[in-house]
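Open the structure in your viewer and keep the selection tool at hand. The tour goes from one selection to the next and says what is found at each stop.

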Amino acid sequence: MGKRLNTQYEKRPDIAQIWAWLEDVPDPEIPAVSVVDLGIIRDVVWNKDRLKVTLTPTYSGCPATGVITLDVQTALLKHGLDSVDIINQMTPPWTTDWISHIGREKLKAYGIAPPVGEASCAGMLRLGAADMPDIQCPRCDSLKTELVSQFGSTPCKASYRCKNCLEPFDYFKTY
Amino acid sequence: MSAQSQKNLQQYVLRLADNALIIGQRLSEWCGHAPALEEDIATANTALDLIGQARNWFAYASELDTDGRSEDQLALLRDERDYLNVLLVEQPNGDYGNTLMRQFIFDIWHFYLLEGLTRSADATISAIAEKSIKEVNYHVSRSSDLIIRLGNGTEESHGKLQEALNNLWRYSGELTLSDALDDEMLALGIGADLSGVERKFQAAITRGFHEASLVAPKIGYMQRGGKTGVHSESMGRLLAEMQVMQRSHPNLTW
């Protein structure tokens, strides 16, 4: 049975190979990291001779979501995969906990402080400023930093300033 | 599902869609005009979250549409009486204090409404609610932080917030007022229990006003009507601006 399947779909590249290709697809807004590093690709499976790729949106209004779908499709097409179904799956909702260790290192090298700690569940309403953890400056590693704005250049970031090297920087919010 | 129950479910989803869309549209009006760059970015980002949430609701409302209307047609080509948002979200921005107060009242209510909807028997509704509430959690933290700081700030900042509260509180009653559609959706396990939402909303907002040294006015009659399409004067002007591109260039796409 296994043998027959292999013959039938012998032209199917294996899943590990496809993940490796997807690791080359950059996030359109933070090109230093790939869509795999960010945990946006949830699943890749073969369904007979069609490939099913499951993506998850980061923020509801993130304009990158549509571009990511297109970029994934294009990248796979370049490798000869033209029968691809892209599924956008909302649950479980995306969290920064899914950003890989390598992804975090790449963010820091790019000048964006990676998310600190684990995302808390949104079960309790709290009034007042969210408890912001100590954020380390991605340039000089100082912990003497201050929040400038709870939002930044994209929905996933907040703006910070380092009081040691005086550089402003983005912080990828724990979410 | 019978045609009538499908229609009712769609109406319920459209209320959620319209609330997010209309307050998102109002917040977008600040883009490029907010009092400080950081506020401009924050307001635009909040609008982006809310319009993104609206898109998710509209996509579902479009699936449920017996006339096969697309999400864009539903969002941008209905007439005023067909919009089902609460009156609070369509209120003009006024000064920045008024916008912040409107947001604070909305955010707290929105949080508890979504919390109820995460338990919806309808899998699409609970998925959108679960996704949205993470964003709304952050909105609450921002608007409550600002309300508390500005309420305890200068005489001017306190005065502006108190005036905004006096102006907007009359629209708070409608937020948790159940009607036949809410009751039907609750009975089906689809909708949120608005009496529970009201209890939590009142407790949180009272605490917020107290921390901000503000007092909600005593109001004899709470305004209502938006949920059934009866809007306030400013809604027509909001729609005129929001719909002009689709009306003058039908089927326009980006």
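**Stop one: a buried isoleucine**

The model is predicted. Select B:Ile205, which counts as buried because its relative accessibility is 1%, under the 20% limit. B:Ile205 belongs to helix α9 of chain B, residues 194–211. Now show its contacts: apart from neighbours within four places in sequence, B:Ile205 is in contact with B:Phe104, B:Ile105, B:Ile108 and B:Trp169. Then pick B:Leu168: 37 residues separate B:Leu168 from B:Ile205 in sequence, and their C-alpha atoms are 13 Å apart.

**Stop two: the cores**

Which residues touch the most other members of the largest nonpolar core? Select B:Trp57, B:Met101, B:Ile105, B:Ile108 and B:Leu117, out of 77 residues in that core. Helix α5 of chain B, residues 96–117, gives the most to this core, with 13 residues.

Stay on B:Leu117. Leaving out residues up to four places away in sequence, B:Leu117 touches several residues, among them B:Tyr12, B:Leu16, B:Trp57, B:Ile125 and B:Ile190.

For the second core, which is separate and has 33 residues, select A:Val44, A:Val84, A:Ile86 and A:Tyr175, which it includes.

**Stop three: a surface patch**

Return to chain B and select B:Val244, B:Met245 and B:Leu252, which make a nonpolar surface patch of about 240 Å². Of these, B:Met245 lies in helix α10, residues 234–248 of chain B.

Notes. Residues numbered from 1 in each chain as written. Chains lettered and ligands numbered in written order. Predicted model: local features only at pLDDT ≥ 70, side-chain atom pairs only at ≥ 80, totals over all residues. Heavy atoms only, no water. Patch = residues over 30% accessible without salt bridge, like charges linked within 9 Å, V, L, I, M, F, W, Y side chains within 5 Å. Areas by Shrake-Rupley, 256 points an atom, 1.4 Å probe, with all protein chains shown as cover. Salt bridge = Lys/Arg side-chain N within 4 Å of Asp/Glu carboxyl O. Helix = DSSP H or I, 4+ residues; strand = E, 2+ residues; numbered from the N terminus. Buried < 20%, exposed > 50% of the residue type's maximum accessible area, 1.4 Å probe, protein only. Contact = heavy atoms within 4.5 Å. Core = buried A, V, L, I, M, F, W, Y, C linked by side-chain atoms within 4.5 Å.
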